[in-house]
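Please open the model in a viewer and keep the selection tool at hand.

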Amino acid sequence: MDFKSNWLMYLLAAGVIGFVVVESLFFLVKAWKRGKELGISKQTLVNTVTNSAIYSVAPAISILATVFVLANALGNVLPWIRLSVIGNLQYETVAATSILSELGGSLTEEVTDPAKFAAVAWGMTIGCCLPLILVPIFCKKIHKKVGDVVNKSSSASALADVVAAAAFIGIIAAFVSKSINGIEVTKTLTGENVVSSRAGFLSIATLIVSIVVYLLLDTLATKKHLVKFSNFVMPIAMFTGMGAAVLMTQLLPQSLVLWSWPWLPPVQ
Amino acid sequence: MKKDVPYFDKVHRWGRIWTLLALVALFSVPLVFSLAHDAWPEPGPFLKGLVAILPLYWVSGIIETFTYTPMIGAGGTYLSFVTGNIANLKLPCAIAALEKADVKGTSDEGEVISTIAIASSAITTTVIIAAGVLLFSIPVQWLTKSPVFAPAFQQIFPAMFGALMASYLRKHWKTAAATVLIGCIVVFFSPSIGIGILIVVTIVAAVLTSFLFYKISTKKSAAK
């Protein structure tokens with residue numbers, strides 16, 4: 001049997017994936033109990049679980065699709081493990097390409113030599129492990145510092161709230177800006193950097209649909225006191241945005257759908 | 001008598017143990033494979049390849065650790081650094097949950113809500129990827145590559161972050177608009193800028209902008 005997807009690889013995958021699920025369940029249960037101690041309502045806790053699960057479905061399918069990009073060369077199992085723990089497609093592709101090119105191979109062809117496969121697996125693992133060393137060392141110190149600032153005085157606490165909200169806005173704004181006038185550059189399986197997508201009519205229109213749907217539904221939920229419905233406004237707005245992208249691609253002229261800023265390089 | 005350990009200390013103790021175990025689980029994959037097949041990387045070319053990728057991995061690892069850790073609770077931090085996909089999935093989930101529950105990320109309640117959101121997201125993602133790899137590899141590849149449905153997956157970030165941005169536009173529209181504008185200017189001059197670097201730039205821009213607006217509003221209310 002192919003060494004990339006034999007019983008040993010599936011056993012390793014089961015161990016790693018099982019570990020992730022058990023760790024997640026552990027923190028979920030502990031946080032749930034703490035939430036009850038703090039007097040957070042059961043409904044709020046249940047809504048947090050359901051919304052987060054719904055919210056994660058589409059991105060999870062996208063991540064799943066990237067497993068198959070690496071599968072031609074590495075089989076299904078190693079990319080599955082790597083993209084379930086820490087990894088993301090960009091890093092894994094770069095790591096595999098870089099190591100295979102030094103060993104005289106590429107991701108466009110199936111890896112048939114166990115030593116090359118082992119080199120890729122080691123490279124991906126060593127590459128991604130640093131945060132797992134840094135977080136246990138610095139996490140408590142960073143959170144203690146943040147706590148000290150927040151608890152210093154009421155004005156410091158107010159300012160900390162403003163800064164915390166601003167930091168979240170910063171993250172969101174980065175993705176929004178990229179959707180308005182950015183390009184995505186990805187490494188091909190042969191190791192070349194190419195423009196894989198660019199912002200334009202479709203990304204901006206999807207962004208606007210998603211914003212408008214959220215604002216409309218949120219206003220409706222607030223005015224009509226639709227508490228249960230209000231919990232689903234965000235995922236609904238996201239899926240409507242995605243649906244709108246499908247409809248616009250099907251119904252609008254291709255010249256409009258494919259329109260992009262003239263200064264951006266073409267998709268290769 | 002047993003000492004009552006504060007919840008935050010407990011979370012950090014659990015987090016450290018789980019993270020160390022995650023490191024063991026992570027390294028067990030190449031180690032067990034190499035031992036079972038007696039297949040080890042050729043040191044020279046392997047180290048050459050590794051040297052080429054480590055700056056990319058480790059610089060972004062350092063940036064991610066110090067950027068995201070203050071923003072999500074302790075439990076959420078330990079969990080999201082093990083499960084990955086932080087900026088594009090775990091953080092948005094936590095932000096959305098905090099917003100919906102109307103609690104601050106730095107509060108005790110925020111710690112609980114962000115941990116539950118990240119754990120739920122991690123379980124959902126892991127289960128979907130596992131089911132997809134084991135059972136649905138053909139339909140998933142068809143769905144994400146089909147000319148009809150592919151645009152939905154290509155536009156997942158505008159759809160997801162548009163909805164998130166809308167929730168912040170209500171309360172902080174000035175900061176949100178100014179930060180997006182700054183982000184767009186940066187992207188105009190460097191369209192291919194990596195999202196990791198851009199996030200650092202826009203976070204700094206958002207914090208400075210909100211600080212400025214905060215000072216203006218406190219000055220105005222003091223003058224009244």
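Begin by selecting K171(B) and E99(B): the two residues form a salt bridge, with their closest N and O atoms 3.1 Å apart. A salt bridge here is a side-chain nitrogen of Lys or Arg within 4 Å of a carboxyl oxygen of Asp or Glu. Before going further, note that this is a predicted model, in which local features need pLDDT of at least 70, side-chain atom pairs count only at pLDDT 80 or more, and totals for chains, interfaces and linings use all residues. Residues are numbered from 1 along each chain as its sequence is written, chains are lettered from A and ligands numbered from 1 in the order in which they are written, and side-chain values use heavy atoms, with hydrogens and water left out.

**The two domains of chain B**

Next, colour chain B by domain: domain 1 covers 1-40 + 71-149, and domain 2 covers 155-219. These bounds come from an automatic or database domain assignment. The C-alpha centres of the two domains of chain B are 25 Å apart. Nine residues of domain 1 of chain B and nine residues of domain 2 of chain B take part in the contact, where contact means heavy atoms within 4.5 Å.

Between them, domain 1 and domain 2 of chain B bury about 690 Å², and carbon and sulfur atoms give 70% of that area. Buried area is the accessible area (1.4 Å probe) that two parts lose on being put together, summed over both. Between these two domains of chain B the count is one salt bridge. On the domain 1 side of chain B, the residues that touch domain 2 comprise six nonpolar, one polar and two charged. In this scheme Ala, Val, Leu, Ile, Met, Phe, Trp, Tyr, Cys and Pro count as nonpolar, Asp, Glu, Lys and Arg as charged, and the others, Gly among them, as polar.

**The two domains of chain A**

Now select 3-128 of chain A as domain 1 and 193-257 as domain 2. Their C-alpha centres lie 28 Å apart. Six residues of domain 1 of chain A are in contact with seven residues of domain 2 of chain A. The area buried between these domains of chain A is about 690 Å², with 71% on carbon and sulfur atoms. Show the side chains of N51(A), I54(A) and Y55(A): within domain 1 of chain A they lose the most area to domain 2, together 60% of what that side buries. By class, the domain 1 side of chain A that touches domain 2 has four nonpolar, two polar and no charged residues.

**Between the chains**

Finally, display both chains. How many residues of chain A are in contact with chain B? There are 141, and they meet 144 residues of chain B. The area buried between the chains is about 13200 Å², of which carbon and sulfur atoms give 80%. Pick out W122(A), F168(A) and F175(A), which supply 6% of the area that chain A buries against chain B, more than any other three residues.

The rule finds three salt bridges across the interface of chain A and chain B. One stop is D9(B) with K140(A), whose closest N and O atoms are 3.3 Å apart in a salt bridge. End on helix α7 (residues 154-181) of chain A, which gives 23 residues, the largest share of the side of chain A that touches chain B. Helices (H or I, at least four residues) and strands (E, at least two) are DSSP runs, numbered from the N terminus. That side of chain A divides into 98 nonpolar, 33 polar and 10 charged residues.
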